Every structure is written in structure tokens, then in C-alpha cells.
Amino acid sequence: MPPRQHKPVVVVVEPKTPGNIGTIARAMKNFGLTDLKLVNPPEMDRDSEAYGFAGHAREDVLPNAEEVTFEEVVENYHTIGTTAITNEDSRRHVRFPYKTPVEVRESLETVETRTALVFGREGKGLNNEELARLDEVCSIPASSEYPVLNLGQAATVLMYELRSLTVEETQLPDVERERADEADIDRFYDFFSDFLDSVEHRDHKRPKTMRMMRRLLGRAHPTEREVHTLIGIFRRANRHLGERASPDDSDAADATADAGANAEPRPDDD
């Protein structure tokens, strides 16, 4: 996905705890966001919990946070408000319809616009009047017995789900590039087919067994090393099975058996 011209800004409305602001700033740093806006925030100095909880975000995200009004956010951004409590159907429009974080990501993938992710107060969140002025509502699916997340947790979950829009590269390896070449995978299928021959797998079951193995490896997306390991195992298995089934080995085994049958019994034989 090409880099986006506009990454979402994060807005926190009337936060009471500096530590939550620091947690949100840290999550922003984790997921490629830099623009933090605060509506009526508490005092935050360098010795406050906000800077203590912010991690490396204390160097840029937090000190560059901008204090704004709720009206400024509504006027200048496509707004997505967050809430734990939703309405159940379209008869009430303030908290319905709502989107999950995944649905928000899917929606934003199709549009390039200035977007604000708006989070409310600890304990109370955004009120109905504020939500009514926002463009969309997002809610994180959670247990019906206790759906309310901590402010910092909710922000982290939403930003994590949006990471494909905000982070161009993560620390994780590109798994798709690690998948083995199809030629090596086909070589494995050849060895597996030989293995079925060696164990005298029933002919009428062979196509189904081969198909099941193809489906299994198809889902697994094995790496080059994994496929080479499997090839080595089945190559050795086929060789050992072939040696056991060779005519010379069979004749020697028969001769040994005949010799044992014709030998004089030992004193302790019954």
C-alpha cells in the first residue's frame, strides 16, 4: 500500500490523568502516528506521569502535542469518535451505526482525508452531545459483562488495527518473501509420492492422500529451509525403505531364516 498523505491525528477530550496521555503518546509512537491534540488537558511538566509513561514518545509526540478546542476538531477533520456503549439499532442515531476498529480501517483504506480519532474522558468517555457532532462512531468488541476499556488501552487497540495505514514497515520479517520456491515444493511432492510407493499405500487412496498433502502445505506456506528439511527426511526414508525391500536383502533374510530352522536345538531350547 502506498504511503498515505494524511495520517490520522489523535484527539483526547478532557483527559484527567497525565499517565493516560503518556500511554496514548507511546502507542502513537508504536504505530506511526505523531500528531497529538488535547482538549482541556491537565498540566504536564517533564516530571509528570505523562512523560514517565510515554517512553520514546517523550522526545517528540508528547512535547509537540497541541491544545485545541472540540469545535476546532469538528470543523477541520473527518471525525471518528470512540465509545464502549452503543445503541442496539437505528431507532437511536447517536451511538448507531457504529464500526469496529477493523471496519474503520477498511473504510479509511478507500479514502484519503484528514481524519481525527477522538477519545473521551476516563470513566465517562464522550457524551451524547459530543458524539452527535462527530462523523462516525467506533466501538471495540469486548465482553458484554465489562465492555469498558481503560482510555490508554482503547486508544492502543484502535491504533493497532489501523497500523497498515500508518506504519510502512514493522520489525517483523516479510513472511511472504520467505515462502519456498514452487519448484522446491514440487520436489517434495515427488519424494512424498515415492514414499507412498515404498509403503505400498493403497492405489485408490493415493490421489486423495496427495491432494491432502498439497492442501496442507498450501495452507502452511513453508519456508525454503522447512521444505528442504522435509525433502531430506523423505529422501532418507525412501532410501531406507528401498534397502529393506531390495531382493538381496530379502534373499539374505530368507537364508538366515532357513538356517535357523535347520540348526540343531541348543540345550536350553524347548
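This is a short tour of the structure, stop by stop.

**Start with the whole chain**

Show everything as a cartoon. The model is predicted. The protein has 12 helices and 6 strands. Buried residues make up 34% of its 270 residues. The accessible area comes to about 17300 Å². Carbon and sulfur atoms account for 48% of that area. Take the contacts between residues at least 6 apart in sequence: 80% of them join residues at least 24 apart.

**Go inside: the largest nonpolar core**

Nonpolar side chains tend to be buried together in soluble globular proteins. Here, select Val10, Ile24, Met28, Leu36, Leu62 and Met159. These residues touch the most other members of the largest nonpolar core, which has 29 residues. Which elements give two or more residues to this core? They are strands S1 (9-13), S2 (36-39) and S5 (115-119), along with helices H1 (18-30), H2 (49-53), H4 (101-108) and H6. H1 supplies the largest share, 5 residues.

Stay on Val10. Ignore its neighbours within four places in sequence. Val10 is then in contact with Ile24, Met28, Leu33, Asp35, Leu36, Lys37, Leu117, Phe119 and Met159. Another core lies apart from the largest one. This other core has 14 residues, among them Val39, Phe70, Tyr77 and Val118.

**Next, the salt bridges**

The whole structure holds 11 salt bridges. Select Lys37 and Glu66 first. Their closest N and O atoms are 2.5 Å apart. Lys37 sits in strand S2 and Glu66 in strand S3 (residues 66-68), so find both strands. The two residues are 29 apart in the chain. Glu66, at 39%, counts as partly exposed.

Move to Arg133 and Glu71. Here the salt bridge has its closest N and O atoms 3.4 Å apart. Arg133 lies in the loop between H5 and S6, and Glu71 in helix H3 (residues 70-76), so the pair ties together parts 62 residues apart in sequence. Arg133 is partly exposed at 40% relative accessibility. Glu71 is partly exposed as well, at 37%.

Then pick Glu109 and Arg105. Their closest N and O atoms are 3.1 Å apart. Glu109 is partly exposed at 34%, whereas Arg105 is buried at 18%.

**A linked trio**

Select Glu14, Arg121 and Glu130. A network of salt bridges links them. Zoom in on Glu130, in helix H5 (residues 128-132). Glu130 counts as buried, because its relative accessibility is 11% and the cut-off is under 20%. Its side chain makes a polar contact of 2.6 Å with that of Arg121. Beyond neighbours within four places in sequence, Glu130 is in contact with Val13, Phe70 and Arg121.

**Over to helix H9**

Pick Asp184, in helix H9 (residues 182-198). Asp184 is buried, at 13% relative accessibility. Which residues does Asp184 contact, leaving aside neighbours within four places in sequence? The list is Glu224, Val227, His228 and Ile231. Take Ile231. Ile231 is 47 residues from Asp184 in sequence, and their C-alpha atoms are 8.7 Å apart in space.

**Last stop: the surface**

Select Ile85, Tyr146 and Val148. They form a nonpolar patch, with about 330 Å² of accessible area together. Tyr146 is in the loop between strand S6 (136-138) and helix H6 (151-161). Tyr146 is exposed, with a relative accessible area of 66%.

Conventions
Residues are numbered from 1 along each chain as its sequence is written. This is a predicted model: local features need pLDDT of at least 70, side-chain atom pairs count only at pLDDT 80 or more; totals for chains, interfaces and linings use all residues. Side-chain values use heavy atoms; hydrogens and water are left out. Patches are made of residues with over 30% relative accessible area and no salt bridge: like charges are joined within 9 Å, nonpolar side chains (Val, Leu, Ile, Met, Phe, Trp, Tyr) within 5 Å. Accessible areas come from the Shrake-Rupley method with a 1.4 Å probe; for residues, only the protein chains shown count as cover. A salt bridge is a side-chain nitrogen of Lys or Arg within 4 Å of a carboxyl oxygen of Asp or Glu. Helices (H or I, at least four residues) and strands (E, at least two) are DSSP runs, numbered from the N terminus. Buried means under 20% relative accessible area, exposed over 50%, partly exposed in between (1.4 Å probe, protein chains only). A polar contact is a pair of N or O atoms within 3.5 Å; within protein, one must be able to donate a hydrogen and the other to accept it, and residues adjacent in sequence count only if both atoms are side-chain atoms. Contact means heavy atoms within 4.5 Å. A nonpolar core is a set of buried Ala, Val, Leu, Ile, Met, Phe, Trp, Tyr and Cys residues joined through side-chain atoms within 4.5 Å.
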